[in-house]
Amino acid sequence: MTSQGYTAGVPHLILLNKPYGVLSQFTDKGTISARQTLSDFIQLPGVYPAGRLDRDSEGLLLLTDDGKLQARIADPRFKMPKTYLVQVEGDPQPDALERLRRGVQLNDGLTHPAEAELIADPGLWPRDPPIRVRKSVPDRWLKLTIREGRNRQVRRMTAAVGHPTLRLVRWSIGEWTLEGIRPGEWREVTVPLS
């Protein structure tokens, strides 16, 4: 679905609510069966993702046609906060949350401290396909904010503290959020010229 307000001739910043199962790229070459890509949702020339979001993750993906803005968003040097709503297996206790807040040792080193808190079910849209549910194992939601961007970092962090991720939704990057954007929809926002 497209959004109105796309203005020619000025830097663009697009906020997309990337659905589950969609690649964070515009083409899917080299596979036998084509997978959904960004081109199934956005048909704007010259915009590219500022960072990425794994195929099995949902939520906010920023796209821009401005190289400086893309670097500011995606480059870990700028430590732009990224907030995730994470449904995890089990019921994390205070010690697990404290480990996330201090930093977690992963196979590629210690993560930076994260902001981590238990939250109520955020009432998000249904995921297709739904997560696996085990009646004998509870699940809970976390709000987790990180300032680095290692490969599959949030999933590895929650697994390292004993609570594998069942569903992962990026809610915000810096000041930009998913508020009011349904899965597969996008909105253009104004970016101050620098």
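Which residue follows helix 3, and what is its phi?

Analyst: Helix 3 is followed by Gly162, which has a positive phi near 90°. This is a predicted model, in which local features need pLDDT of at least 70 and side-chain atom pairs count only at pLDDT 80 or more, while totals for chains, interfaces and linings use all residues. Residues are numbered from 1 along each chain as its sequence is written, and side-chain values use heavy atoms, with hydrogens and water left out.

Helix 3 spans residues 153-160; helices (H or I, at least four residues) and strands (E, at least two) are DSSP runs numbered from the N terminus. Within helix 3, Gln153, Val154, Arg155, Met157 and Thr158 are buried, a class that means under 20% relative accessible area, whereas exposed means over 50% and partly exposed lies in between (1.4 Å probe, protein chains only). The cover over these buried residues includes strand 4 (82-89), helix 2 (94-102), strand 5 (105-106), strand 8 (139-146) and strand 9 (165-173).

Arg152 is not a glycine, yet it has a positive phi of about 50°. With a relative accessible area of 33%, Arg152 is partly exposed.

Arg152 forms a salt bridge with Asp54, and their closest N and O atoms are 3.3 Å apart; the term denotes a side-chain nitrogen of Lys or Arg within 4 Å of a carboxyl oxygen of Asp or Glu. Because Arg152 lies in the loop between strand 8 and helix 3 and Asp54 in the loop between strand 2 and strand 3, the pair ties together parts that are 98 residues apart in sequence. Asp54 counts as buried, at 14% relative accessibility. Beyond its neighbours within four places in sequence, Asp54 is in contact (heavy atoms within 4.5 Å) with Lys18, Asn151 and Arg152. The side chain of Asp54 also makes a polar contact with that of Arg52, at 2.8 Å; such a contact is a pair of N or O atoms within 3.5 Å, where within protein one must be able to donate a hydrogen and the other to accept it, and residues adjacent in sequence count only if both atoms are side-chain atoms. A network of salt bridges links Arg52, Asp54, Asp56, Arg152 and Arg155, and Arg155 is among the buried residues of helix 3. The whole structure holds 14 salt bridges.

Helix 3 also takes part in a pocket. The largest pocket is lined by 24 residues, and Arg52, Tyr84, Gly149, Arg150 and Arg170 lie nearest its centre. The elements giving two or more residues to this lining are helix 1 (67-74), strand 4, helix 3 and strand 9. On a 1 Å grid over the protein atoms alone, a pocket is an open set of points where a 1.4 Å probe fits, with protein on both sides within 12 Å along at least five of seven lines, and lining residues have an atom within 4 Å of a point.
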